[in-house]
Amino acid sequence: MAASTPRSLSPEQEQELDEVFARARAALAIIETYDQDRVDRLIRAVAWAVANRSAFHRLVGMGIEESGLGDFDSRMNKRMKIRGVLRDALRSPSVGIIEEDVEKGLVKYGKPVGIIGCVVPTTNPDLTPAGNAIYAIKARDVVVFSPHPRSKDTTLETVRLMREALEAEGAPADILQCITLPSLTASQEIMRRADLVIATGGQGLVRAAYSSGTPAYGVGAGNATEFVDETADLQETARNCMLSKTSDFGSGCSADGNVLVPASRYREMLDALQSEGGYLATSDQRTALQSVMWDEEGHRLPDTVAVSPQALAAAAGFEIPEDRRFILVEGDGIGEDRQFCKEKLTTLMAVHAYVGSFEDGVELAKRLYDIGGKGHSCGIASTDDAHIDYFAKHMPVSRIMVRQPNSKANAGSFTNGMPMTSSMGCGTWGGNITSENVSLRHYLNTTWVSRTIAEDRPSDEELFGEFYDAALEAPAAAPAATSASAR
């Protein structure tokens, strides 16, 4: 994408963006004067405006009706994520001195990054704006949201509620703004004009963010996998996989798409998954499912993304009982030509057996991530700390959940210490600048103030160890004078 203004912006879009960014700059000049108590009060007000049950119930209903995606009950639970983001934000300073290291003579001051361009995915039209708004206001930033056209009304309403909360507190509503004429080119122009981009969405969007010329935090592709060893409690693991897979009909990039199981426990794992609501597809049904999930070139088809297992089965031409919560297929191998080892983004999970040792299984897991999802996340079901340590050292992912449901844990949970977020960096594995959960510190600029300390200069013997040779540090003899005859 070129850095210049996209040619296909309509005059109305161009005018809207001009006005939005002018108001954003004016609001930034005000919020950057606020003290810590002021921004802490504002994030509480904004969070409550959308995270109370009544408001979020209405927003979730709007989002599902508008986009046709998602499961109401599990999406309602996402309002807890807003509480988690608020918790993390309230516990961290962001104004004035935010960190001090007396021993090193360093003091760090938090400063706003400015205008944040936030591109909102269609699967989280309410959660993503709320989480971004909390962290941004805490950092004294302003945000321009670009909603997904398929769920723009829900995002507009979410932002409207937060703007009302700001106004009620005497703060400029324009700290948070949402464009009303969304499109890909409008998103690109927002990214070009902003001071920082936070892009939560598909790989095309993330690449556009990185090509915008603006600093950007993006996310990599997911392909969450649960790795099972011989020590795992299979019933507990099956329940965690179910919880992860069924959340919002598997729409998230952290929803378990694959389970890797020792061959000796494979059938037992299939039984455990079925006891937790899985429907085990036959070989013919698996073939039918593949045809409605991927085209002949292996591209994921959109109509079966984030649908119920009953709707997924119906699309493939068969029926499953109403009490089944997800569909299981037996894995048919790991490779570029094997679609079921790739990201699913719906209520289907593939179960793969590995033969040999634990270490052999880890090598298979690494091969799976070479196909897709490298850098994102995975889980391990194990009670063996040595296995967990080995897995952590060898897997090319940014986050590993131990005996937890991936999609409910890796973006932060009240039962783990992961930073709460809706944007997860995947490091250079996934083409991202960070491998961290994008949270408050990523919304801040930092000024370092350095004072002198007692000299901290190790000797050469300490620094170079056995390689140090004092003879090579001896002063060199002065060069001999050149005679006139030689000249």
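Colleague: How many cavities of 30 Å³ or more does the structure hold?
Modeller: The structure holds 2 cavities of that size, 30 Å³ or more. A cavity is a set of points on a 1 Å grid, laid over the protein atoms alone, where a 1.4 Å probe fits but cannot get out. This is a predicted model, in which local features need pLDDT of at least 70 and side-chain atom pairs count only at pLDDT 80 or more, while totals for chains, interfaces and linings use all residues. Residues are numbered from 1 along each chain as its sequence is written, and side-chain values use heavy atoms, with hydrogens and water left out.

Colleague: How much space lies in the largest cavity?
Modeller: The largest cavity holds about 60 Å³ of space. A volume here is the space filled by probe spheres set on the grid points, which are joined across faces, edges and corners.

Colleague: And what lines the largest cavity?
Modeller: Its lining residues, meaning those with an atom within 4 Å of a point, include Val85, Ile198, Thr421 and Tyr443. Helix H6 (residues 127-138) gives the most to this lining, with 4 residues. Helices (H or I, at least four residues) and strands (E, at least two) are DSSP runs, numbered from the N terminus.

Colleague: How do the residues of that lining divide by class?
Modeller: There are 6 nonpolar residues, 5 polar and no charged. Ala, Val, Leu, Ile, Met, Phe, Trp, Tyr, Cys and Pro count as nonpolar, Asp, Glu, Lys and Arg as charged, and the others, Gly among them, as polar.

Colleague: What about the second largest cavity, by class?
Modeller: That lining has 3 nonpolar, 3 polar and 3 charged residues. Lys245, Glu343 and Lys344 are among the residues that line the second largest cavity, and about 30 Å³ of space lies in it.

Colleague: In what order do S1 and S15 sit in their sheet?
Modeller: The order is S1-S2-S15, an open sheet of 3 strands with antiparallel pairing. Its edge strands, each pairing on one side only, are S1 (96-101) and S15 (444-450). Two strands pair if DSSP finds at least two bridges between them. S1 is joined to S2 (residues 106-112) by 5 bridges, and glutamate 100 stands opposite valine 107 in S2.

Colleague: And which strands form the parallel sheet of 5 strands?
Modeller: That open sheet has the order S5-S4-S3-S6-S7. At its edges are S5 (176-178) and S7 (216-218). S3 (residues 115-119) and S4 (residues 142-146) pair over 5 bridges, with glycine 117 opposite valine 144 in S4.

Colleague: Which strands does helix H1 lie across?
Modeller: Helix H1 (residues 11-31) lies across S3, S4 and S5, at about 150° to S4. Helix H9 (residues 203-210) packs on the sheet as well, touching S3, S6 (196-199) and S7, and its direction makes about 165° with that of S7. Angles run from 0 to 180 degrees between N-to-C directions, and axes are lines fitted to C-alpha atoms, for helices over the stretch in contact. Contact means heavy atoms within 4.5 Å.

Colleague: Is histidine 376 buried or exposed?
Modeller: Histidine 376 counts as buried because its relative accessibility is 1%. Buried means under 20% relative accessible area, exposed over 50%, and partly exposed in between (1.4 Å probe, protein chains only). Histidine 376 is found in strand S13 (residues 375-381), where 7 of 7 residues are buried. Beyond residues up to four places away in sequence, histidine 376 touches Cys253, Arg399 and Met424, among others.

Colleague: Which strand do 5 bridges join to S13?
Modeller: That is S14 (residues 397-402), which runs parallel to S13, with glycine 375 opposite valine 397 in S14. S8 (residues 225-228) also pairs with S13 in the parallel sense, over 3 bridges.

Conventions. On a 1 Å grid over the protein atoms alone, a cavity is a set of points where a 1.4 Å probe fits but cannot get out, and a pocket is an open set with protein on both sides within 12 Å along at least five of seven lines; lining residues have an atom within 4 Å of a point.
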